[in-house]
Amino acid sequence: QVQLVESGGGSVQAGGSLRLSCAASGDTYSNPYMAWFRQATGKKREGVAIIDTDGSTTYGNSVKGRFTISKDNAQNTLYLQMNSLKPEDTAMYYCAADRGQWLLLPEYKYWGQGTQVTVSS
């Protein structure tokens with residue numbers, strides 16, 4: 001079992017920045033693959049970024065060049081630095097974890113409760 005708790009969401013104007021955190025606890029050793037997803041009202045859950053066990057990263061096309069995923073293994077914390085935010089980035093943001101690599105597919109076993117990001121124009 002893995003528990004995930006996101007934080008850092010909020011309201012920001014377009015062009016601003018936010019940093020999301022996801023604190024992981026439990027059997028994180030067996031579930032090392034982690035990712036960020038988001039879901040806007042009325043839309044499907046969208047993969048934002050993943051980080052592999054070797055530290056390599058993959059981003060969704062809509063956030064490339066603006067968002068950065070990172071992980072502090074000692075603290076079991078996943079981060080998402082979001083810069084140059086746009087109104088279309090408004091969504092509930094979730095972190096996810098699994099023992100397998102699902103890339104940007106929403107097939108991960110463990111999910112946090114989400115943190116809301118709202119970007120105004």
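Student: Is Arg-38 buried or exposed?
Tutor: Arg-38 counts as buried, because its relative accessibility is 5%. Buried means under 20% relative accessible area, exposed means over 50%, and partly exposed is in between, with a 1.4 Å probe and protein chains only. This is a predicted model, in which local features need pLDDT of at least 70 and side-chain atom pairs count only at pLDDT 80 or more, while totals for chains, interfaces and linings use all residues. Residues are numbered from 1 along each chain as its sequence is written, and side-chain values use heavy atoms, with hydrogens and water left out.

Student: Where is the place of Arg-38?
Tutor: Arg-38 is in strand β4, which covers residues 33-39. Strands (E, at least two residues) and helices (H or I, at least four) are DSSP runs, numbered from the N terminus.

Student: And which side chain has a polar contact with Arg-38?
Tutor: The side chain of Tyr-93, at 2.9 Å. A polar contact is a pair of N or O atoms within 3.5 Å; within protein, one must be able to donate a hydrogen and the other to accept it, and residues adjacent in sequence count only if both atoms are side-chain atoms.

Student: What else is Arg-38 in contact with?
Tutor: Leaving aside neighbours within four places in sequence, the contacts of Arg-38 include Arg-45, Glu-46, Glu-88, Asp-89 and Tyr-93. Contact means heavy atoms within 4.5 Å.

Student: Which rings does Arg-45 lie over?
Tutor: Arg-45 lies over the face of Tyr-94, at 4.0 Å from the ring centre, and over the face of Trp-111, at 4.6 Å from the ring centre. The rule is that NZ of Lys or CZ of Arg is within 6 Å of the ring centre and within 35 degrees of the ring normal.

Student: Switching to the rings, which residues form the aromatic cluster?
Tutor: Phe-37, Tyr-94, Tyr-108 and Trp-111 form one cluster. Rings of Phe, Tyr and Trp (its six-membered ring) pair if their centres lie within 6.5 Å; planes under 30 degrees apart count as stacked, over 60 as edge-to-face and the rest as tilted. By this rule there are three aromatic pairs. Phe-37 and Tyr-108 have ring centres 5.6 Å apart and planes at 70 degrees, so this pair is edge-to-face.

Student: What parts of the chain does that pair link?
Tutor: Distant ones: Phe-37 is in β4, and Tyr-108 is in the loop between β9 (91-98) and β10 (110-111), 71 residues apart. Both Phe-37 and Tyr-108 are buried.

Student: New topic. What is the order of the open sheet of four strands?
Tutor: The order is β1-β3-β8-β7, with antiparallel pairing. At the edges are β1 (2-7) and β7 (67-72), each pairing on one side only. The twist averages 15 degrees from one strand to the next. Axes are lines fitted to C-alpha atoms, for helices over the stretch in contact, and angles run from 0 to 180 degrees between N-to-C directions.

Student: How many bridges join β7 to β8?
Tutor: Six, with β8 being residues 77-82. Two strands pair if DSSP finds at least two bridges between them. Ile-69 stands opposite Leu-80 in β8.

Student: What is phi of Asn-76?
Tutor: Near 50 degrees, a positive value in a residue other than glycine. Most residues other than glycine have a negative phi. Asn-76 lies in the loop between β7 and β8, and is partly exposed, because its relative accessible area is 27%.
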